[in-house]
Amino acid sequence: MHKEPHPHHHPKSPAKGPSLRLVAWEVTRNCNLSCVHCRAAATMGPYEGELDTQAGFQLIDQIKAVGDPIIILTGGEPLLRPDIFEIARYGTDRGLRVVMAPNGTLITENTAEKMAAAGIKRISISLDGATREVHDRFRGVPGAFQGALQGIDRAKKAGIEFQINTTITKSNLDQIAAIQELAIKLGAVAHHIFLLVPTGRGKYIVDKEINAMEYEETLNWFYDQREITPLQLKATCAPHYYRILRQNSKRDGKKVTFETHGLDAVTRGCLGGIGFCFISHTGIVQPCGFLDLNCGDVTQKPFQEIWNDSEIFRNLRDFDSLKGKCGVCEYRKVCGGCRARAFEATGDYMAEEPLCSYQPAC
């Protein structure tokens, strides 16, 4: 297959980095749960080296200098950080859309009101089971399911919209439809599914990872839900979805445009280092939270330099440098494979995605 030149192909090109759309900032690694799949293997800590309030403000200023991305305040459990509302308010005042990823169990009526006052526009709450038994087993703490539902209710009363996130493994694959129904019943605006990436504690439940065929079937089912659910749907850590979306649209005689498919038409599968990055609690910039590669330290170098100049980011932006079948796949620009799964499987973040059943046409 002929490969088109890519604007970031030349290693010395002075080009500014691509548009930054999302930044996930791990404001703390402390957590009150012990989820079986946790990327960070987070516990109550304490963890050393967390960026302090002023460093947090400086980081937000530097992110703003790059663009106007959505900032996701994540963890750990972000509500365990004492200055979390100051951080959120600062981001809001700088004109950024600030959202948060709590687990729900620590949201009180007072906390919910403080979230709203800080300008937090949306929260994501994870439900990894449609029942107390399944979710609590996943989260490692009895009462986590009830705590999440209670947190959702309090956020709703404070006027904060919420989405449901679900990490899919073999142990809850049969629950996905029921979780989506529950999300609708609860009044969620969106349902985001995450395909397990075996990092952190997730390494130890790799036997729970769905296989390539189950992956394909799940994403095809998810595509079909677009026509029948009121929820905004997004597949994360599942770049194949953007291939499936185009294959199925072609089969149905439909064009993929912003008018017909919304943001799915103008984004791609793996955004790590392309439109998204992760910043750890100590200020290390990574392509995503699952791909533990140090692209720069914001305590040593300005964020904008890291975003524009990191060699790892530049490699990830050169889709023609992908290896194996990902490198020759006609969908490489809209999928790209999960770079974190490739890295975990091979030690090479540019290797082919190990959980893909698709064979490229050329």
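So, strand 6 (190-195) is mostly covered, with five of its six residues buried. Buried here means under 20% relative accessible area, exposed is over 50%, and partly exposed is in between, with a 1.4 Å probe and protein chains only. Helices (H or I, at least four residues) and strands (E, at least two) are DSSP runs, numbered from the N terminus. This is a predicted model, so local features need pLDDT of at least 70 and side-chain atom pairs count only at pLDDT 80 or more, while totals for chains, interfaces and linings use all residues. Residues are numbered from 1 along each chain as its sequence is written, and side-chain values use heavy atoms, with hydrogens and water left out.

Back to strand 6. Its parallel partner is strand 5 (161-168), and six bridges link the two. Two strands count as paired if DSSP finds at least two bridges between them. One place to look is T166, whose bridge partner in strand 6 is I193. Helix 6 (residues 176-186) lies across strand 5, strand 6 and strand 7, at about 170° to strand 5. For angles like that, axes are lines fitted to C-alpha atoms, for helices over the stretch in contact, and the angle runs from 0 to 180 degrees between N-to-C directions. Contact means heavy atoms within 4.5 Å.

Between strand 5 and helix 6 there's a loop, and L173 sits in it. L173 is partly exposed, at 24% relative accessible area. Leaving out residues up to four places away in sequence, L173 touches I168, I210, E214 and T218. Its C-alpha is also 9.1 Å from that of G129, which is 44 residues away along the chain.

What order do the strands come in? It's an open sheet of nine strands, 7-6-5-4-3-2-1-8-9, with mixed pairing. Strand 7 (232-236) and strand 9 (285-286) are at the edges with a single partner strand each, so one side of each has no neighbour in the sheet. Elsewhere in the sheet, strand 3 (residues 98-100) and strand 4 (residues 120-126) run parallel, joined by three bridges. Helix 2 (residues 84-93) packs on the sheet and touches strand 1, strand 2 (70-74), strand 3 and strand 4, with its direction at about 150° to that of strand 3. If you want a residue pair to click on, M100 stands opposite I123 in strand 4.

For the chain overall, we have 13 helices and nine strands. Of the 362 residues, 57% are buried. Taking contacts between residues at least 6 apart in sequence, 71% join residues at least 24 apart.

Some backbone details next. Most residues other than glycine have a negative phi, and most peptide bonds are trans. Here the peptide bond from G75 to G76 is cis, with omega near 15°. G76 is in the loop between strand 2 and helix 2. Then there's C237, a residue other than glycine with a positive phi, near 55°. C237 is in the loop between strand 7 and helix 8, and it's buried at 18%.

One more loop residue. N30 is between strand 1 (22-26) and helix 1 (53-66), and it's buried at 17%. N30 and H281 are 251 residues apart in sequence, but their C-alphas are 9.6 Å apart in space.

Last stop, the cavities. A cavity is a set of points, on a 1 Å grid over the protein atoms alone, where a 1.4 Å probe fits but cannot get out, and lining residues have an atom within 4 Å of a point. There are two of 30 Å³ or more.

Definitions and conventions: On a 1 Å grid over the protein atoms alone, a cavity is a set of points where a 1.4 Å probe fits but cannot get out, and a pocket is an open set with protein on both sides within 12 Å along at least five of seven lines; lining residues have an atom within 4 Å of a point. Grid points are joined across faces, edges and corners, and a volume is the space filled by probe spheres set on the points.
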